[in-house]
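Student: I've just opened this one up and I'm new to it. Can we go through it together, question by question?

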Amino acid sequence: MAAEIVNPRSDSDAGTEQETGEPLDSFDPAFALHRGGKMAVQATVPVRDKDDLSLAYTPGVAKVCSAIAEQPDLVHDYTWKSSVVAVVTDGTAVLGLGDIGPEASLPVMEGKAILFKQFGGVDAVPIALDCTDADEIVETVVRLAPSFGGVNLEDISAPRCFEIERKLQERLDIPIFHDDQHGTAVVTLAALRNAARLSGRTLGELRAVISGAGAAGVAIAKMLVEVGIGDVAVADRKGVVSADRDDLTPVKRELASFTNKAGLSGSLESALAGADVFIGVSGGTVPEPAVASMAKGAFVFAMANPNPEVHPEVAHKYAAVVATGRSDFPNQINNVLAFPGIFAGALQVRASRITEGMKLAAAEALASVVGDDLAADYVIPSPFDERVAPAVTAAVAAAARAEGVARR
């Protein structure tokens, strides 16, 4: 079966009405596109006559079932398991909308599923869970796992997302990937590598400040430390995450243990003085004087949507490279550059997990697509660049084999 990139809506379907009595479709094309959902199920084999039916279903299917019962690994060859991902959410941290619940999260999960198909050739199934307890989510996903080759966790609020991912990785032998964390980190690192290359500097020469100590901020900080960033400080609503604070969660205490070598404290704005890199994954607005206080030739990656922490017009006054999370400005930091290829590569070799090495390989491959076309307004490729997914897929598959997690 496959997720079609089609809209199977019927024009005769009744629409939700506003006070005027007109369907919402009449006022906004987004509603028209979403009517009936954004995906469908499509058979990959014909069922045209009784002979086809006898092969696709009974009695032919019994032979396949019996073979899998005797040799469980055959499930990868004779079902869709090895090529399909579950996109799992509890609806607690959806885009910039927050905790809107499982039903309201479905349009996003459908969107994620069609992006998997469009950009990575990977089938995906949206699964919105009506529970928020971490252990309940883990148990539910573990029970669903026999049907899937991998699990993409999506829009689950921090700090529960860290626990859920860790426990699922411990209990399952298929790739578990929280895209809000690792997809964001991979694309950010790719763009930062190219920005550094453009300026003739190494990552080790850069001091970065991250606004936001949630899922994305923590993952980005970990990845930057892994690749040897000069220093990185992370700020939450109360200021820089530092070891001398007594209000830190366990996740932030761990974060403080490997970041902020300079021992900074106080506000985000004060930390930006002399910094080479700003990475925003929190929302809010950074005052212009704080941006102006950054080092000459700084990089500003203001990725909040729809309103970047620093508007590009302001950022361009002081920064050599500016990136956002929006598609209407150059250098869009978009997770779709990473997750389709990462899963495609992992599934291709039946990886038992997604390792740090596989993520770093994805970032390097993504950065390499830019090549000699590198420029201030082109440090990261477009999601529609047809070279992206194959490059990431190949790099991830090779890294999985090198790290011993590939099973074919």
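Student: What percentage of the 408 residues in the protein chain is buried?

Tutor: Keep in mind that this is a predicted model. A residue counts as buried when its relative accessible area is under 20%. Of the 408 residues in the protein chain, the buried share is 51%.

Student: What radius of gyration does the protein chain have, next to that of a compact globule?

Tutor: Start with the box: the C-alpha atoms fill roughly 75 × 60 × 45 Å along the principal axes. For 408 residues, a compact globule would come out near 22 Å, and the chain agrees with that, so the value to note is 23 Å.

Student: How many helices and strands are there, and what share of the contacts between residues at least 6 apart joins residues at least 24 apart?

Tutor: The protein chain has 16 helices and twelve strands. Now take contacts between residues at least 6 apart in sequence: the share joining residues at least 24 apart is 66%.

Student: Is valine 209 buried or exposed?

Tutor: Valine 209 sits in strand β7, which covers residues 207–211. Setting aside neighbours within four places in sequence, valine 209 touches several residues, including Ala233, Leu268, Leu272 and Phe278. Its relative accessibility is 1%, and the cut-off is under 20%, so valine 209 counts as buried.

Student: What distance separates the C-alpha atoms of valine 209 and valine 277?

Tutor: Along the chain, these two valines are 68 residues apart. Val277 is also on the contact list of valine 209. Their C-alpha atoms are separated by 6.1 Å.

Student: How do the residues lining the largest cavity divide?

Tutor: The structure holds one cavity of 30 Å³ or more, and the largest has a volume of about 50 Å³. Among its lining residues are His76, Ile174, Leu347 and Arg407. By type, the lining splits into five nonpolar, three polar and two charged.

Key:
Residues numbered from 1 in each chain as written. Predicted model: local features only at pLDDT ≥ 70, side-chain atom pairs only at ≥ 80, totals over all residues. Heavy atoms only, no water. 1 Å grid on protein atoms, 1.4 Å probe; cavity = no way out; pocket = protein on both sides within 12 Å on 5 of 7 lines; lining within 4 Å. Points joined across faces, edges and corners; volume = space filled by probe spheres on them. Nonpolar A, V, L, I, M, F, W, Y, C, P; charged D, E, K, R; others polar. Helix = DSSP H or I, 4+ residues; strand = E, 2+ residues; numbered from the N terminus. Rg over C-alpha atoms; globule rule 2.2 N^0.38 Å. Buried < 20%, exposed > 50% of the residue type's maximum accessible area, 1.4 Å probe, protein only. Contact = heavy atoms within 4.5 Å.
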